[in-house]
Amino acid sequence: MKKGFIFTIDILLSLLVALGFFSGIIIFMSEPSTPQFSTTDLHQNTLSALISLEANDTLRDAFSQNLTPRIMEFLNNATASNLCFNLTFLNDTFKIEQNHVKANCSRQNQIAIARRPLYAGERIRMVTLEAWYK
Amino acid sequence: MRRGILLSIMTIFLLFAVFLLSLAVFQNQSSSELRQATLSLPTKIASIEHFVGQDVLWMLNISAPDSEKNLSASTLTIKFANLGSIPLQNLSNITDQYASFIKNNYSYFERLNISLINFTTNITLSGYNATISFGQNETVIFFTQPELLRSLSIMLLTNGTKMWNNTAPSPDPSYQNINVSVLNSSGSLVFNSMRSLSPNETNSAFSVFFNQSGLPHLHVEYGFALGQSGTLKITTYGLRISPQDLKMTFSLIPGENQIKLDTVLSISGASISRNDTVTLRRV
């Protein structure tokens, strides 16, 4: 075994490791800086969905009428397919009156919550909408 | 000698790679923080403002205001399809409860100090200085700059059945057109009158009587009333009225204005402190 052979392999291997490392960084830097599933975007989506539910006074009237079909239609068909939602209506003592979960959704750990006070039926209540990525 | 150069190049190469990695991680982190700071908080404040505004409209049973600019005629028309009812249920109790709920409960959940300062249900059109005030037995619109008002029309849906008599003020052709129409409980038009009226004079009222005894009846006055020029006052005696299709047409003034509540929404905490009036619509 010649002296120069060991040094050549040694440097060659180092060069390969360094190139791999460098390529990895270049790939990492070329990806978008914000994650695809941003928690900020999730919160924005939750808020937008909650505001959209006010259309036709759905939120207000849900306390006095059975609007489950309208709410489920919205959650299942009018929201992004990669998002899950859990809509909860609380009474003035914060007890759950109604709960609607989007179809084919199971609870995940990372959720965004949007809450709104709600004047309905001459009482002040609260509605919460939780959202998470499928 | 050659080995030393190669090792030096390798070291510089690796250090440069580490530098690039650090830079990428730093940029990613600061970009994420910037998104949180620039998007999340204003959106949250805007949403709270929206929720309060919508709830007040629901309390009063008022539809969201609509507006239409006519640039060729240089006019702005503000429309309310539904303007609640007269007499009004006692609102002070519910507004107190609502303000308390926002301050104590909603603030807790949102981890912010949120309160409503001088919470009233008055609605103001800024720039044009027109304010709608909802009282127990009357709804009043104050036009502080009545010269900006070109015309106003309103339809009053009542629970009266058969009209007995009506009166209308004497016209004064040089001023604003005020149009009042009244429908009975079956939706039939029982009164319709349009008059040009001075905002600075005490004009007689548009009055509709549903019984010879005088009660029930309604009055709509425009002019100098309640100590102020340019006041439109709708009053009812023994009748239930639902004012609908309110249209107020103004001479267009430049710039953006707001239809807003005369209530200040105060939000503080999380290194912010904001005091804003609750905007219902920008016009």
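Helices and strands are DSSP runs, of at least four residues (H or I) for a helix and at least two (E) for a strand, numbered from the N terminus. The model discussed here is predicted.

Student: In what order do the elements of chain A run from the N terminus on?

Tutor: The secondary structure of chain A comprises four helices and four strands. Read from the N terminus on, the order is α-α-α-α-β-β-β-β.

Student: How far apart do the C-alpha centres of domain 1 and domain 2 of chain A lie?

Tutor: Chain A is divided into domain 1, residues 1-31, and domain 2, residues 39-133. The distance between the C-alpha centres of these two domains of chain A is 54 Å.

Student: Which strands of chain A are the edge strands of its open sheet?

Tutor: Four strands of chain A form an open sheet with antiparallel pairing, in the order 2-1-4-3. An edge strand here pairs on one side only, which applies to strand 2 (96-101) and strand 3 (112-120) of chain A.

Student: Which residue is the bridge partner of A:Thr88 in strand 4 of chain A?

Tutor: Strand 1 (residues 83-90) and strand 4 (residues 123-133) of chain A run antiparallel and are joined by eight bridges. In strand 4 of chain A, the partner of A:Thr88 is A:Thr128.

Student: What angle does helix 2 of chain B make with strand 3 of chain A?

Tutor: Helix 2 of chain B, residues 91-110, lies across strand 3 and strand 4 of chain A. The angle between helix 2 of chain B and strand 3 of chain A is about 170°.

Student: Which element contributes the largest share of the largest nonpolar core?

Tutor: This core has 85 residues, and those touching the most other members are A:Phe85, A:Leu129, B:Val52, B:Ala130 and B:Met248. The largest share of the core is seven residues, and it comes from helix 1 (residues 2-60) of chain B.

Student: Why is one side of strand 1 and of strand 10 of chain B left without a neighbour in the sheet?

Tutor: The open sheet of chain B has six strands in the order 1-2-14-7-9-10, with mixed pairing. Strand 1 (66-70) and strand 10 (189-197) of chain B stand at its edges, so one side of each is left without a neighbour, each having a single partner strand.

Student: Which residue of strand 10 of chain B is the bridge partner of B:Ser181?

Tutor: Strand 9 (residues 176-183) of chain B runs antiparallel to strand 10 of chain B, and eight bridges join the two. The partner of B:Ser181 in strand 10 of chain B is B:Asn192.

Student: What is omega of the cis peptide bond that joins B:Ile86 and B:Pro87?

Tutor: Most peptide bonds are trans. B:Pro87 is in the loop between strand 2 (75-82) and helix 2 of chain B. The bond joining B:Ile86 and B:Pro87 is cis, with omega about -5°.

Methods
Residues numbered from 1 in each chain as written. Chains lettered and ligands numbered in written order. Predicted model: local features only at pLDDT ≥ 70, side-chain atom pairs only at ≥ 80, totals over all residues. Domains from an automatic or database assignment. Pairing = 2+ DSSP bridges. Core = buried A, V, L, I, M, F, W, Y, C linked by C-beta atoms within 7 Å. Buried ≥ 20, exposed ≤ 12 C-beta atoms within 10 Å, placed from the backbone. Contact = placed C-beta atoms within 7 Å. Axes fitted to C-alpha atoms, helices over the stretch in contact; angles between N-to-C directions.
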